[in-house]
Structures are given as structure tokens and as C-alpha cells.
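Here are some friendly notes to read alongside the model. Take them one at a time, and keep the picture open as you go.

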Amino acid sequence: MDDITLFRDSLNAVNELVNEATFKFTADGITLEAVDPAVVAMSVLKILPTCFTQYEVGSDINITFNLNYFLDVIKRARKSDK
């Protein structure tokens, strides 16, 4: 991504409701669907491949992240980082 702030801010919003989420990587982009622990709210985030400078996915894959830890890493990125 040319600008990491959009991704970081989106994850911060999702992290307000859920701590752990599964990202689905497909040729159509990245999708995150997660339900909060109280099963009251559902977060849905879709990032299209056009948001990336380069995006290639050989086969569909699901990866589950702890959003708190993942955001700790993402927050270290500067606006100029890709």
C-alpha cells in the first residue's frame, strides 16, 4: 500500500469491537468479518486489490490475527512506508 494510514485506521476501528479476527485473502482482495465477544455487533472490512501497489494471491487463504499485536506492528510504520 502506498499509504498505510487507511489500513491502520480501519483496523483501529475494528479493534474497538473485536480482539481477534480472520482475514480472508482472495484474488478479489482482503476481507475481514468478525463478531464481537458479546455477539452484538459484526465488523466487516473489505480491501480491494486496487488499494495495493502490488497484490497477488495464488490461492485463497485465511489467516487469524490478534489485532492488538498486529496493530502494535502496524503503528510503527511511517506514512512514507509501503
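Which residues make a nonpolar surface patch of about 400 Å²? Before the answer, some ground rules. This is a predicted model, in which local features need pLDDT of at least 70 and side-chain atom pairs count only at pLDDT 80 or more, while totals for chains, interfaces and linings use all residues. Residues are numbered from 1 along each chain as its sequence is written, and side-chain values use heavy atoms, with hydrogens and water left out.

1. The patch is made by Val35, Val39, Met42 and Val44. Patch residues have over 30% relative accessible area and no salt bridge, and nonpolar side chains (Val, Leu, Ile, Met, Phe, Trp, Tyr) are joined within 5 Å. A salt bridge here is a side-chain nitrogen of Lys or Arg within 4 Å of a carboxyl oxygen of Asp or Glu. Areas come from the Shrake-Rupley method with a 1.4 Å probe.

2. Val44 sits in strand 3, residues 42-47. Helices (H or I, at least four residues) and strands (E, at least two) are DSSP runs, numbered from the N terminus. Val44 counts as exposed because its relative accessibility is 55%; exposed means over 50%, buried under 20%, and partly exposed in between.

3. Now look at helix 1, residues 4-15. Its 12 residues reach 16 Å from first C-alpha to last, close to the 16 Å expected at 1.5 Å a residue; the expected span is 1.5 Å times one less than the number of residues. Buried residues in helix 1 include Phe7, Leu11 and Val14. The buried residues of this helix pack against strand 1 (20-26), strand 2 (29-35), strand 3 and helix 2 (67-74).

4. Asn15 also belongs to helix 1. Asn15 counts as buried because its relative accessibility is 15%. Leaving aside neighbours within four places in sequence, Asn15 is in contact (heavy atoms within 4.5 Å) with Leu67, Asn68 and Leu71.

5. How do the strands pair? Strand 1 pairs in the antiparallel sense with strand 4 (residues 61-66) over 6 bridges, and with strand 2 over 4 bridges, also antiparallel. Pairing requires that DSSP finds at least two bridges between two strands. Phe23 has Ile63 as its bridge partner in strand 4 and Leu32 as its partner in strand 2. Strands 1 and 2 form a hairpin with 2 residues between them.

6. Finally, follow Ile63 in strand 4. Ile63 counts as partly exposed because its relative accessibility is 31%. Ile63 and Lys24 are 39 residues apart in sequence, but 6.6 Å apart in space, C-alpha to C-alpha.

Technical notes: Patch = residues over 30% accessible without salt bridge, like charges linked within 9 Å, V, L, I, M, F, W, Y side chains within 5 Å. Buried < 20%, exposed > 50% of the residue type's maximum accessible area, 1.4 Å probe, protein only.
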